Structures are given as structure tokens and as C-alpha cells.
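Subject: Structure handover

Hello,

Here is the structure I promised you. Please open it first, then read my notes below.

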Amino acid sequence: MLNNLTGLQSVKDKLHAYKDLVNFTKLRAENHLTPINIPLHAMFLGSPGTGKTTVAKAMGQMLHSMGILSKGHVVAKERSTLIGKYYGSEEGKTLKALEEAQGGILFIDEAYQLFSEHDPRDPGRQVIETLMTKLADESNRDWMLILAGYPDEMMKLYNINPGLASRIPNSNIYTFDDFSETELIEIAENYLTKNQYSLSDEAREALLNRLKADYSSRDKSFGNARHVINIIQLEILPRIATRISTTPH
């Protein structure tokens with residue numbers, strides 16, 4: 001699955017190295033040698049649409065196939081789904097999310113939103129404290145936590161929470177770079193091919209020019225692959241539908 005993804009070479013290389021390490025420690029255990037205690041939890045740093053959720057799913061499948069996780073599924077959460085309507089309900093919601101993720105991965109997107117530096121009563125702190133308690137429990141290694149979000153904000157969260165650094169080493173911090181213009185057009189072509197559409201040379205050039213313009217003017221919130229899919233679904237396909245419906249058959 002990973003090899004079929006566009007770009008993300010540094011992430012792929014790091015995951016392959018991680019897979020080799022897991023295999024190595026399993027081989028040691030099988031030969032009655034002291035196994036390596038491999039850190040499981042991770043952080044994914046990157047802009048929206050850079051494949052973080054997709055890679056998390058691939059990682060879950062990989063770790064399940066290697067016998068590290070019993071299920072390998074991914075439970076995706078964010079601040080709004082971990083913080084309740086009433087103050088004090090955060091621990092219960094977080095524990096429920098952890099229960100759902102048992103055997104697989106708890107993926108928290110935009111995780112930096114859980115921490116408000118200037119508000120000691122921010123309910124997100126309770127979520128983090130609950131997570132830290134579970135991370136400290138070495139008796140339960142049949143689950144994985146992935147915290148994801150923008151690089152700067154995530155590293156700030158990481159650096160002001162010593163508990164995170166002790167549970168998520170630098171080796172388990174993955175950086176998802178923005179896709180290049182060439183990679184964006186490849187994502188578009190793969191999506192269209194998968195859904196039984198094809199691009200004429202003229203259409204491909206027009207789409208490439210659009211993506212180059214959007215890429216050159218991108219800001220921090222640029223949606224990468226998500227941006228490409230939105231162009232196709234919200235602009236291109238409706239125009240095709242209109243043209244087809246107004247053409248005599």
C-alpha cells in the first residue's frame with residue numbers, strides 16, 4: 001500500500017527502517033535473545049492533505065500483519081470529539097476513544113489544539129493527561145497513538161510536554177512534506193483513472209497550469225492532495241455533467 005502512494009519518500013524510507021527494526025527484534029526473540037523494546041507511538045507532522053491519515057492506515061495494516069497490533073484498525077479523533085459539552089467529561093471521552101482503538105491506532109488530528117498554553121483550565125489538558133497516563137502503562141502495548149498536525153504547532157506541543165518526549169522519540173516523528181506540482185498532477189491522474197475518467201492532453205495542461213498557480217501561491221493551509229480532489233469533485237466533474245446533460249444524445 002505504501003509503495004503505491006505518490007511522493008512521501010522520506011516517510012516511506014523511515015517506515016521501511018522501522019519495519020526492519022521490528023523484524024530484527026522478533027528474530028532475536030525467536031532465538032531466545034533479549035528483544036529490543038521498540039517505541040510504538042508516533043507523531044506525524046505536515047500540512048493538510050499530505051497523506052497522514054492514509055499512512056496511519058497503512059501503518060496499522062503493517063503492524064497487524066507483523067503481529068504487533070492485534071487488529072490494526074485506525075480510530076480518528078480530534079479536539080471536538082474528545083471534549084464534551086460539560087467540563088470534566090474529557091477523561092471519559094478519551095478513555096472511550098482508547099477503548100475503541102485497542103488493538104489498533106488512535107489517530108488524533110490537529111492534536112496541538114488540545115493544549116492552550118495560557119489557559120490552565122482548558123479541557124484539552126485533561127485529554128493530554130489521560131493519554132499520558134495510558135502511555136505510561138507498559139503492560140498494554142496492543143495499541144498505538146499517533147498525534148498529527150502542522151509541524152511548528154506540533155513541535156511546540158511536544159517540547160512543552162516532557163511526557164510526550166519520553167514516549168515518542170525523535171525516531172518516531174515523521175515529516176510529511178507538501179507535494180510538488182508534478183506529484184499533484186500525478187495524484188489527479190491516479191484519482192481520475194481509478195474512477196474511470198481520462199485526461200486529454202489539453203485538459204492535462206490546463207489542470208497542470210492551475211495546480212502550478214495554486215502551488216506557487218499556497219500558504220500554510222494549502223490542502224495538497226485534498227485540494228486536488230476538491231478541484232476534480234467540485235469544479236471539473238460538475239462541468240462535465242452539465243456539458244453532457246446539455247448535449248443531444
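Arg 167 is partly exposed, with a relative accessibility of 26%. Partly exposed lies between buried, under 20% relative accessible area, and exposed, over 50% (1.4 Å probe, protein chains only). Arg 167 forms a salt bridge with Glu 138, with the closest N and O atoms 3.2 Å apart. A salt bridge here is a side-chain nitrogen of Lys or Arg within 4 Å of a carboxyl oxygen of Asp or Glu.

This is a predicted model: local features need pLDDT of at least 70, side-chain atom pairs count only at pLDDT 80 or more, and totals for chains, interfaces and linings use all residues. Residues are numbered from 1 along each chain as its sequence is written, and side-chain values use heavy atoms, leaving out hydrogens and water.

Back to the salt bridge between Glu 138 and Arg 167. This pair links distant parts of the chain, 29 residues apart. Glu 138 sits in the loop between α5 (124-135) and β4 (144-149), and Arg 167 in helix α7 (residues 162-167). Helices (H or I, at least four residues) and strands (E, at least two) are DSSP runs, numbered from the N terminus. Glu 138 also forms a salt bridge with Arg 141, where the closest N and O atoms are 3.5 Å apart. Arg 141 is partly exposed at 35%. Glu 138 is partly exposed at 41%.

How many salt bridges does the count come to by this rule? The count is nine. Another one joins Lys 77 and Glu 100, with the closest N and O atoms 3.7 Å apart. Lys 77 lies in strand β2 (residues 74-77) and Glu 100 in helix α4 (residues 90-101), so the pair ties together parts that are 23 residues apart in sequence. Glu 100 is partly exposed, at 35% relative accessible area.

Now a charged residue without a partner. Lys 12, in helix α1, is buried yet has no salt bridge. Glu 186 is the nearest side chain of opposite charge, 7.4 Å away. For charge, Lys and Arg count as positive and Asp and Glu as negative, while His and the chain ends are not counted. Leaving out residues up to four places away in sequence, Lys 12 touches Leu 2, Asn 3, Leu 5 and Gly 7. Contact means heavy atoms within 4.5 Å.

Next, helix α5. It has 12 residues and reaches 17 Å from its first C-alpha to its last. That is close to the 16 Å expected at 1.5 Å a residue; the expected span is 1.5 Å times one less than the number of residues. Its buried residues are Gly 124, Val 127, Ile 128, Thr 130, Leu 131, Met 132 and Leu 135. They pack against α3 (79-82), α4, β3 (105-108), β4, α6 and α7.

Leu 157 is in helix α6 (residues 151-159). Is Leu 157 buried or exposed? Leu 157 is buried, with a relative accessible area of 5%. Beyond its neighbours within four places in sequence, Leu 157 is in contact with Ala 111, Tyr 112, Phe 115, Ile 128 and Leu 164. Leu 21 is in helix α1 (residues 9-30) and is partly exposed, at 33%. The C-alpha atoms of Leu 157 and Leu 21 are separated by 27 Å.

Best wishes
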